[in-house]
Each structure stands twice: as C-alpha cells, then as structure tokens.
Amino acid sequence: MKLSFLNLLLVFGILNTSAQTIDYNTKAGYVAKGYDVVAYFNNEAIKGRDTFQTTYDDVKFKFSSEANLNTFKNNPQRYIPQYGGYCAYAVAVDSKKIDINPKTFEIRDGKLYLFYNSWFNNTLTSWKKNNVKGLQEKADQHWEVIKIE
C-alpha cells in the first residue's frame, strides 16, 4: 500500500511540474509594468490603477477601469502580451528576455507585442523595418526554449 501511495505522489508531482507556467516580465510587480493590457487594444498605453487589479497565472495585472478589468477576466488569454511581456524584438533576434518600455507597443494579428525603447534604441522601429512575419516566427521558436528559464 505504501508503495502505491508513493507512486501516486510521484506521478502527481511529475504532472504538476510539467504544468509549469511561463516566466512573465514583472519587474515593476505587474505584467506590462502595471499598464492596462486591455487598453492597448484601443491603441492606448494607460497606466493601471491600484483599485483595478487581478491575478492571472500567478502574476498581477492592473487596469485603468473596472470595465477593462472585467473584459480581461472574461478572456485573459486574448490580452496577455506575447513572450511574457518581454521585448518581442529581443526574443526574436537575440533569444533574450529584455525589459520593455510599456508605452512602446504594437497590436498585430490580434496580439499584443511590447518593446524596449531607451537611449536612442527603439526596438519597435527595428521590428517594423525588418521582416515582421519572419521575426514573429523566430520569436515564437526562441520563446519555446526560453519561456521557463
């Protein structure tokens, strides 16, 4: 009986470990540095408010309004930034997780992409100047390798 119970625990432990989530960029304590991920889809970079926040996939999100909070809660997967909220260009080109400027973003193919933008280096500009579809494919491939690191 003890052996069966231990085997069950071992199997559950393995299954639980394999369901590990991705690494989100939460340097400021929140995904997208506390900016409202729903507002991006209205082409607005708006900082979220402390009164409108939620946790999804063990990370925190802030919103600028109760309506946006509820919109997120109804379909969170639609609003989560690609590549855990790290710079899409850096994931594509260097296979690295680089912090972002939450005001530098793009909605493409119904998905949110965030970018680094500091010291005369706006990676959104570089992203748009290159083969975006090719960069997306490379970033998707790289993310599969680095998403849990």
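I take helices (H or I, at least four residues) and strands (E, at least two) as DSSP runs, numbered from the N terminus. The model is predicted, so I ask for pLDDT of at least 70 for local features and count side-chain atom pairs only at pLDDT 80 or more, while totals for chains, interfaces and linings use all residues. Residues are numbered from 1 along each chain as its sequence is written, and side-chain values use heavy atoms, without hydrogens and water.

**Strand 5**

I looked up Ser118 and found it in strand 5 (residues 117–118). Ser118 is partly exposed at 26% relative accessible area. I use buried for under 20%, exposed for over 50% and partly exposed in between (1.4 Å probe, protein chains only).

**Positive phi**

Most residues other than glycine have a negative phi. I noted Ser95, whose phi is positive, near 55°. Ser95 sits in the loop between helix 4 and strand 3 (101–108). Ser95 is partly exposed at 27%. Asp109 also has a positive phi near 55°. Its loop joins strand 3 and strand 4. Asp109 is exposed, at 52% relative accessibility.

**Helix 2**

Which residues of helix 2 are buried? In helix 2 (residues 66–74) I list Asn68, Leu69 and Phe72. They lie on the same side of helix 2, because they cover an arc of only 105° around the axis. I take that arc from the directions between the helix axis and the C-beta atoms. The buried residues pack against strand 1 (49–56), strand 2 (59–63) and helix 3 (76–79). Contact here means heavy atoms within 4.5 Å.

**Core**

I define a nonpolar core as buried Ala, Val, Leu, Ile, Met, Phe, Trp, Tyr and Cys residues joined through side-chain atoms within 4.5 Å. The largest has 37 residues, and those touching the most other members are Val37, Tyr40, Phe61, Phe63, Phe72, Phe115 and Trp127. Elements giving two or more residues to this core include helix 4 (88–94), strand 4 (111–115) and helix 6 (132–146). I then checked Val37. Beyond four places in sequence, its contacts include Phe61, Phe63, Phe72 and Leu112.
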